[in-house]
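Hi,

Here is the structure I promised to pass on. My notes follow below it.

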Amino acid sequence: MSSVVALDRLIDARRVWRGQVVSSPSGANFSTGHHFLDAVLPGGGWPTAALSEILTTAPGIGELSLLWPTLASLTVSGERVVLISPPHLPYPQAWIHAGVDLRQLSIIQANGRDALWAAEQCLRSGSCGAVLSWLRQADDRSLRRLQVAAATGQTLAFVYRPQAEAANPSPAALRLVLDSQPAQLRVIKCRGGLPPAQPLAFAWH
Amino acid sequence: MLWACILLPQLAMDGVQRHRASPDEPLVLLTGSPQRRVLQAVNPAARVLGLKPGQSLTAAQALTRGFATAEYDLAAIERWQQFLAAWAYGFSAQVSLHYPRCLLLEVQSSLGLFGPWPRFEARLRAELSALAFQHRIAVAPNPAAARVLVNIGDGLMASDERMLKQMLDPLPVDRLGLSATLTTAFNRMGLRQLRQLLALPRDSLAKRFPAEVLRHLDTLSGRRPLALDFFMPADVFDTRIELNFEVESHQALLFPLRRLTADLAAYLACRDSGVQRFTQHLEHRAGADTQIQVGLLSAERDPGMLFELTRGRLEHQQLPAPVLAVRLEARELPTFAPQHQQLFDERPQQNQPWEQLRERLRARLGDDALHGLGARADHRPEHAWQNEPANPLLPPCGPRPGWLLSEPQPLREASLRILSGPERIESGWWDGEDVRRDYYVVQTRAGQRGWAYRPVGSAGPLLLHGWFA
C-alpha cells in the first residue's frame, strides 16, 4: 500500500517523468507574474525550492524584467532577495518602479568560489526568498550544489549564465533562453513536463 | 537558605588540559625550584604510568619519559576560579570564593527559575562537563556544612537542619576541616566522631580548646553565620591560552579558539549581555601581536556563531610569524536582546536567521562585500543610489534603466536606433559635480536597449550609462 502512495507523491511532486504534461498543476509553484510563461510551465510557475537557469546573450534584453514581478511580490511580502555579483549596479529608481521593496534587497560582491559559496550559504540558510547569482564560470558540479542548497533551504534560486552554456547539460529544474533578436523566450528544460516546442514571444517593454 | 558547594578537585589540571586537543595523553604539573622539580598534579593517564604527586621530576623521568609537563600555575588557578565564579553567577546572585578551589552558591532562591534541585544540579553538572572541569557538588542549609559534605561524597544533599545533623553526626573528626594539631588532640582523647564532640558541654569545650573549635562547630550547625565576600563579575572578558608549541597554521589555532569563544559565550550568558566587538590577539615570539578585530552588526552571544565569525576572520589573516599564545579580549559588552522569534515559522526548514547569515557572509567576504541598496532624491544617476536601504520621496522622472554602469562607456555603433529622448538632466551646480546631459533611450542592432547620453553642446559619440534589462 505504501509504495502506491509514494509513487503518487512522486508524480505529484513531478519527480517522475511520464512523457506527458501533468494535467493538474498542483498550484504549489510560484507564479512568474507573466501569464504567457505560467501557462506553459508545469505547475504554473517557477519550480519552488529548485534552481532555474536564465541564459542570455547580452545585457539589456529583458533579463531583469523577467524576474521583477517575482521579486516585487517576494519583497513586498517581507521575504529577502539577495543578488550575488550582479554585473552592474541596480538603478534603485527602476527597481522601485518595478515594485521591489529595496529594504528587503541585499547585494553581495564576491568573485569565483566566494560567489558560489555565498550563493550556497544564502540558499541553504532558508532565510531568503530568492537568490539571484551571476556566475561567470559554473560547472555541472557547482550547479548541482546550488540545486541541492535550494532544495534544502526551500528557496527560489536563479542563475544567470551565458547563452553558450545552453549546449551543456545542467541539473537545473528549469532552463530558459532569452533571445534578443527576435525578442523571445525559449524553455529548453522544465522538470516534470515537456518544454513547449514553440518559442514564446517575450514583449518585456 | 540552601547552599551548594561545588568542589573543583582538579582545577589546575583541568585548566591546562582543556587547552589540549588530546586529554588522554599523560600530563603532569610541576612546582618547585629549578634544582628540584616536583610533580604537583598528575592526570589519570600519567597515574597509570606510575607517576604520583610528590615525586621528583628526576624520579618520574627514571620511570618513564612518555609524559608531557606543564607549570603548576597559581595565577592560572586564580583566573579559572574567577571564570567559574562568573559562570556560576548566571545561576545565583550570591556566589562566593570563600574556600579555595570551591564555589559557594546560594541556590534556594534560584530553584524557582531553574527547577527542582535534581534538575538544577543536572544542568550545573552538564555545563561544567561541557566546560571540561571535574567537579563534586553537595547541598546543605549553610555554606560551611556544604563544604564539609562535599568532602564526604559527591551529590549529597541535606535539605534541612535535621537531615544535616543526621549526616554530620557520624562524621570523623579529621574530616571537619579543623587544624591537624586539634584533630590529633581529639583523636588522642578518643573523640573520633563529631557526635562525640557535640555531646560535650559547651563551656568545657570552650575552656579546654581554642575558641576556633566552638566557632567552627557553630558555623557547621548554622548557629553562627559565615561571613562571605560575594563575587562581582568583571566588566571585561580577557582570556589567554598559551600554546605549548609554535603554531604556524590556522588549522591548529581553531581548537584553542573554539575554547575561547565558548568561554566568552558562557561568560556573556551569565552577565546576560552580548558582544558586538572583540579582538583576537595572536602573540608571537618577537614583535607586536597580530590583532584581528571581529565586529558584529548587533550584539550576539551564541557560541557556535562567535566561533564561526572568529574563524572566518582568522582565515583571511596572513600569519607573519609562528603563534605562541592566543588571547580574546572583549570590552564592549552591550545588553543582548534576543531576536524576536515567530511562534510558527513560515518556512519549515528555516534554520539560520538572516542576521546570523549576514554575519557569516561578512566574516568570510569582508565587511564591504555585503550591502543594501537605497535611492536618493538626486537627478544625477551616479548620485541617485547609496549602499544603505533608503526610500525617500523621489521626484518624478523619465524611464530609468534597471542596470546602471559604474563608468559610462562610449557607444560606437553605426546602426543605433534612438527610441526616445532627449531627457535633459541638469543638476549639481551646488557641489561642484554639475552635470548637463541629454539622455536617450537607444536600441542596438543586437536588440539591447540602452540608456545613453551626450553632454549638452557636445557632438561626440553617445556614452552608454545603463541597460533597460
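In chain B, five strands make up an open sheet with mixed pairing, ordered β5-β6-β1-β7-β8. The edges are β5 (95-96) and β8 (156-157) of chain B. Each has a single partner strand, so one side of each lacks a neighbour in the sheet. Please keep in mind that this is a predicted model.

Next, one pair inside that sheet. Strand β1 (residues 3-7) of chain B runs antiparallel to strand β6 (residues 102-106) of chain B, and five bridges join them. Within this pairing, Trp3(B) sits opposite Glu106(B) in β6(B). Helix α7 (residues 143-152) of chain B packs on the sheet. Helix α7 of chain B touches β1, β6, β7 (136-140) and β8 of chain B. The direction of α7 makes about 140 degrees with that of β7(B).

Now to chain A and its helix α5 (residues 112-125). How far apart should its ends be? With 14 residues at 1.5 Å a residue, α5 of chain A should span 20 Å.

Is α5(A) mostly covered or mostly uncovered? Mostly covered: ten of its 14 residues are buried. Among them are Leu116(A), Trp117(A), Glu120(A), Gln121(A) and Cys122(A). The cover includes β2 (81-84), β4 (105-108), β5 (130-134), α6 (140-153) and β6 (156-162) of chain A. Chain B contributes as well, through α15 (354-365).

Best wishes

Key:
Residues are numbered from 1 along each chain as its sequence is written. Chains are lettered from A and ligands numbered from 1 in the order in which they are written. This is a predicted model: local features need pLDDT of at least 70, side-chain atom pairs count only at pLDDT 80 or more; totals for chains, interfaces and linings use all residues. Side-chain values use heavy atoms; hydrogens and water are left out. Two strands pair if DSSP finds at least two bridges between them. Helices (H or I, at least four residues) and strands (E, at least two) are DSSP runs, numbered from the N terminus. Contact means heavy atoms within 4.5 Å. Axes are lines fitted to C-alpha atoms, for helices over the stretch in contact, and angles run from 0 to 180 degrees between N-to-C directions. The expected span of a helix is 1.5 Å times one less than its number of residues. Buried means under 20% relative accessible area, exposed over 50%, partly exposed in between (1.4 Å probe, protein chains only).
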